[in-house]
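User: I have a model open and would like to go through it with you. Could you take my questions one at a time?

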Amino acid sequence: MILHDLATAAMRAVDAEDAHRLAILGLKLKLGPRGPKDDPILATDLAGIALPNVVGLAPGFDKDAEVFAPMLRAGFGFVECGTVTPNPQAGNPRPRLFRLTEDRAVINRMGFNNQGLEAFAVRLGARGVGVVGANIGANKDSADRIGDYLTALTRLWGMASYFTINISSPNTPGLRALQTKGALEELLGRIAETRDALPATGAAPLFLKVAPDLEAGEVETIVEACAAHGLAGIVVSNTTISRPSLVSASAGEAGGLSGAPLMSLSTQMLGQFAQASAGRLALIGVGGIASGADAYTKIRAGACAVQLYSALAFEGPGLVTRIKRDLAARLRADGFASVSAAVGAH
Ligand SMILES: Cc1cc2nc3c(=O)[nH]c(=O)nc-3n(C[C@H](O)[C@H](O)[C@H](O)COP(=O)(O)O)c2cc1C
């Protein structure tokens with residue numbers, strides 16, 4: 001543990017993207033931690049998927065499906081890889097990832113840098129046990145963005161525990177317009193059609209990942225479209241383009257903001273989705289989680305499971321174990337026998 005804390009401290013001294021690359025390398029070399037056995041109170045069900053614990057790794061950390069196994073070993077109950085696009089893509093010019101240390105926040109404008117669907121599929125296809133989701137997206141220069149989602153879904157069918165359709169990255173121009181009514185209807189209609197034509201043996205639940213910057217009325221529209229097309233749930237939320245008051249030097253950088261300043265905005269949005277879906281959809285709560293208390297807040301706001309990413313940059317991989325321990329204690333202190341009993345309990 002001390003070794004990992006030292007490594008985390010050393011990583012803070014280097015450029016944020018280099019630190020991330022080093023972390024991936026270390027994990028590939030099996031230098032990651034091994035978490036303790038899960039407390040059974042943290043086991044839960046996410047849209048029919050049995051999770052050993054409720055705390056997942058959010059996408060963006062393992063974009064190319066290279067380190068899901070060591071991150072499961074570190075203690076995450078599930079790992080979501082991606083976003084993957086059909087063709088490999090370089091993303092935006094560097095620097096494009098900024099740590100806002102004083103704000104416990106991150107700004108990124110990566111732009112879906114990834115090695116493409118083939119490399120991703122080969123790695124995911126060889127996976128062993130554990131819950132691994134695939135987050136799919138569209139290439140920046142694609143002439144048929146909806147077609148990109150269908151291509152990824154078809155190629156990865158039978159390999160992923162679940163799929164997340166990501167239409168909420170602020171770093172691919174025009175992508176978030178897929179969240180508007182007409183575009184969303186077309187997207188989800190075509191996705192459902194493709195899904196229903198694929199072999200039932202590979203069936204996996206589909207989630208939609210949304211931005212926290214939605215306007216009044218959009219929440220209901222999105223919920224109804226997801227329910228109508230048989231999606232299993234919604235991931236709330238991606239990074240925000242808003243800028244709650246920040247003090248760090250990099251606060252003015254363009255891109256999506258994540259980490260502590262996103263916690264209240266994304267949780268409010270989660271609560272709105274919980275109200276609109278009234279139990280019809282499974283919600284994954286993500287945005288600003290850095291403690292067991294934060295994870296518990298998301299669950300009580302309606303999340304069946306939670307994910308985090310940014311806090312790892314400040315706390316290191318041992319964070320997941322601390323969050324789980326604290327969450328289990330909070331559930332017991334409030335008399336809940338399971339995570340699911342606490343979902344949406346105000
Ligand atoms: C560097 C970075 C890259 C990200 N890349 C993706 C991505 O490729 N796809 C995606 O759906 N979300 C991506 N995200 C968003 C996270 O999955 C998550 O929704 C967001 O950061 C809020 O959670 P957090 O505050 O715990 O980081 C990225 C976030 C960061 C910080």
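User: Which helix does Pro70 lie in?

Analyst: Pro70 lies in helix 3, residues 68-73, where helices (H or I, at least four residues) and strands (E, at least two) are DSSP runs numbered from the N terminus. This is a predicted model, in which local features need pLDDT of at least 70 and side-chain atom pairs count only at pLDDT 80 or more, while totals for chains, interfaces and linings use all residues. Residues are numbered from 1 along each chain as its sequence is written, and side-chain values use heavy atoms, with hydrogens and water left out.

User: Is Pro70 buried or exposed?

Analyst: Pro70 is buried, with a relative accessible area of 9%; buried means under 20% relative accessible area, exposed over 50% and partly exposed in between, with a 1.4 Å probe and protein chains only. Pro70 and Ile24 are 46 residues apart in sequence, and their C-alpha atoms are 9.7 Å apart in space.

User: Now the ligand. Which residues come nearest?

Analyst: Of the 24 residues around the ligand, Pro59, Thr83, Gly259, Gly288 and Ser310 come nearest, where being near requires a heavy atom of the residue within 4 Å. By class the shell has eight nonpolar, 14 polar and two charged residues; here Ala, Val, Leu, Ile, Met, Phe, Trp, Tyr, Cys and Pro count as nonpolar, Asp, Glu, Lys and Arg as charged, and the others, Gly among them, as polar. Strand 4 (78-84), strand 6 (105-108) and strand 11 (256-259) each supply at least two residues of that shell.

User: What lies 2.6 Å from an oxygen atom of the ligand?

Analyst: That is an N or O atom in the side chain of Ser310, a polar contact in the sense of a pair of N or O atoms within 3.5 Å (within protein, one must be able to donate a hydrogen and the other to accept it, and residues adjacent in sequence count only if both atoms are side-chain atoms). A backbone N or O atom of Pro59 lies 2.7 Å from a ligand oxygen atom, and a polar side-chain atom of Lys209 lies 2.9 Å from a ligand oxygen atom. Taken alone the ligand exposes 600 Å², of which the protein buries 97%, with areas from the Shrake-Rupley method and a 1.4 Å probe; for residues, only the protein chains shown count as cover.

User: Where is Thr83, and what kind of peptide bond joins Gly82 and Thr83?

Analyst: Thr83 lies in strand 4, and the bond between Gly82 and Thr83 is cis, with omega about 10°. Another cis peptide bond joins Val236 and Ser237, with omega about 15°. Most residues other than glycine have a negative phi, and most peptide bonds are trans.

User: Which residue follows helix 8, and what is its phi?

Analyst: Helix 8 is followed by Ala278, whose phi is positive, near 45°.

User: Why does the length of helix 8 agree with expectation?

Analyst: The 15 residues of helix 8 (residues 263-277) should span 21 Å at 1.5 Å a residue, and its end C-alpha atoms are 21 Å apart, so the two agree; the expected span is 1.5 Å times one less than the number of residues. Its buried residues include Met263, Leu270 and Phe273, and the buried residues of helix 8 pack against elements including strand 9 (206-210), helix 7 (218-228) and helix 9 (292-300), contact meaning heavy atoms within 4.5 Å.

User: Last one: where is Thr194, and what does its side chain reach?

Analyst: Thr194 lies in helix 6, residues 181-197, and its side chain reaches the backbone oxygen of Arg190 at 3.0 Å. At 17% relative accessibility Thr194 counts as buried.
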